[in-house]
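Work through the following exercises with the structure in view. Each task is followed by a solution in steps.

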Amino acid sequence: MKQWILTSLALATLATGLGVSEGSLAQTSTAVVAAPVAVTNRPLTLEQLFRAEPYRGEAAKDARFSASGRYVAYLWNPFGEPGSDLYVHDTQTGRTLRLTSPTLMAAVETPENLERYAKKLQQKRDETAERQAREEAQAAYLRGEAVDLEQWERKAIEALKVELAERKARDDARKAAEKAAWGDAAVAASAPASGASAPEAKKPVKDPKDMALWELRDELKKKREREKLKPEDLYPGVSQFVWASKGEELVLAYRGQLLRWKAGSERAEPLLATGRTLKPVAYAPDDQFLIVQDETRVLRVRLATAGIEVINRELFNPDDEDRKFKIAQTAVSEDGRWMALVANAPLVGADGKPLPKPGRQVEIMNFNDRWATAKKVDREVSDDKRGVPSMAIYIRKVPTPGAAPERQPQPVFTHPGGDSWFEISPVVWARDGSVYAFTTFEREKDQFRVYLGKPGEAKPEMVLERRAPSTTNWST
């Protein structure tokens, strides 16, 4: 039924687009044909086809239906907008509601952060447009056309001169105000100490009129390196969401905060913010509680009273245990009685200290600056040792509200990690919570295994094992 609804939505969208195209063609055919206009036959270049900003936008992802199948939620954003916002589509009315956006998140986000997101987005668009213009100009220059390839540097240096002049004026005004209020003591306190090194002593802002071209270019490179975009500089959107078990509502995570949306409302309301990164795991079967995970613990949130209860504290690691496990993933059964905790531990050496990062580092020389510099970067090759962290799976009963904490059980499955190609699937539960299952794959042995376990038992049972067929020896 859900697949049929998604197919119908796709066909309706396609039909709408075809209808618009046919109407446009009909209008064109009935219009009066104007005099022919001479069109410059300019060849299509790779720089125009493979643009700095691709033509293709982002596809919708993580589409999930509500318990009744009426609503479908998915993560998507229009072309050119950063992040992944949450949309909810009503299959009965055909209405699509956008629950998150930089404007809507003003209820839980600070104005300074929103302004910074907008500023960084504009910076990204300007840099992309400049990069595209540079590529097209370089291609035109190679074709023999008269192109000014230094126009962007001159423009950036002129803007830098204005910025440096404004900064110098602000510093001079601040020093004058401090001198007027506190006398020469303030000026002496703000001056660098005679024994201060170059990185410690802040150099006074130099008048851009007295700076040579090479000095302005150095300042421009420092500015660009300082303002280089990082992933966290842009608006992130929604990281994940979960639907209720029975009701028409969901909980979404935005920058570690939880927001709740109910069918019929126009916006999501703030639910919980603890200062730590919260991840919604699942609703309880009766929708009275919400299972949440932070960096180290698993929590249960009472939705009626907004109370928080810890249902699994940080994993206890004995003092003589070298591997210190931390919770990485949580999977709760649909009946809400059991949960599977997947924990990881960094590799340690004989002295108990964490092992260095696997792989190797190579030095790369950079000749873009006035002085050549070298930096080390990670470089992995096929014969490098791998550093797969140790992992363990714990099966625990979800405690009843108000129950006393129980002793931590022993892990039902462990892997030492290290220099091996080992992969494991997420733990999945049966609908009634009677069994759980997961799979493992060891690439070096070409060995695939399926494990099936029952909660309350010590170890899961390996129910299937397959190996890749050996290669044929043609020498015989």
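**Exercise 1.** Find where Phe50 lies, and decide whether Phe50 is buried or exposed.

Solution. This is a predicted model.
- Step 1: Look between helix H2 (46-49) and strand E1 (61-65); the loop there holds Phe50.
- Step 2: Take the relative accessible area of Phe50, which is 58%.
- Step 3: Exposed means over 50%, so Phe50 is exposed.
- Step 4: Look at the surface around this residue. Phe50 forms a nonpolar patch with Leu44, Leu46 and Leu49. Together these residues have about 480 Å² of accessible area.

**Exercise 2.** Asp287 and Asp446 each have a positive phi. State where each one lies and whether it is buried, partly exposed or exposed.

Solution. 
- Step 1: Asp287 has phi near 65°, a positive value in a residue other than glycine.
- Step 2: The loop that holds Asp287 runs between strand E9 (279-283) and strand E10 (289-293).
- Step 3: The relative accessible area of Asp287 is 12%. Buried means under 20%, so Asp287 is buried.
- Step 4: For Asp446, phi is near 55°, again positive in a residue that is not glycine.
- Step 5: Asp446 is found in the loop between strand E21 (436-442) and strand E22 (447-453).
- Step 6: With a relative accessible area of 35%, Asp446 is partly exposed.

**Exercise 3.** Describe the sheet that contains strands E5, E6, E7 and E8, and explain why one side of E5 and of E8 has no neighbour in the sheet.

Solution. 
- Step 1: Write down the strand order, which is E5-E6-E7-E8. The sheet is open and its 4 strands pair in the antiparallel sense.
- Step 2: Find the edges. Strand E5 (240-243) and strand E8 (269-272) stand there, and each has a single partner strand, so one side of each is left without a neighbour in the sheet.
- Step 3: Take one pair in detail. Strand E7 (residues 257-262) pairs with E8 over 3 bridges, in the antiparallel sense. Leu259 stands opposite Pro270 in E8.

**Exercise 4.** Compare the reach of helix H6 with the expected value, and list which of its residues are buried.

Solution. 
- Step 1: Helix H6 covers residues 213-226, which makes 14 residues.
- Step 2: From its first C-alpha to its last, H6 reaches 20 Å. This is close to the 20 Å expected at 1.5 Å a residue.
- Step 3: The buried residues in H6 are Glu215, Leu216, Asp218, Leu220 and Lys223.

Note on methods. Residues are numbered from 1 along each chain as its sequence is written. This is a predicted model: local features need pLDDT of at least 70, side-chain atom pairs count only at pLDDT 80 or more; totals for chains, interfaces and linings use all residues. Side-chain values use heavy atoms; hydrogens and water are left out. Two strands pair if DSSP finds at least two bridges between them. Helices (H or I, at least four residues) and strands (E, at least two) are DSSP runs, numbered from the N terminus. The expected span of a helix is 1.5 Å times one less than its number of residues. Buried means under 20% relative accessible area, exposed over 50%, partly exposed in between (1.4 Å probe, protein chains only). Patches are made of residues with over 30% relative accessible area and no salt bridge: like charges are joined within 9 Å, nonpolar side chains (Val, Leu, Ile, Met, Phe, Trp, Tyr) within 5 Å. Accessible areas come from the Shrake-Rupley method with a 1.4 Å probe; for residues, only the protein chains shown count as cover. A salt bridge is a side-chain nitrogen of Lys or Arg within 4 Å of a carboxyl oxygen of Asp or Glu.
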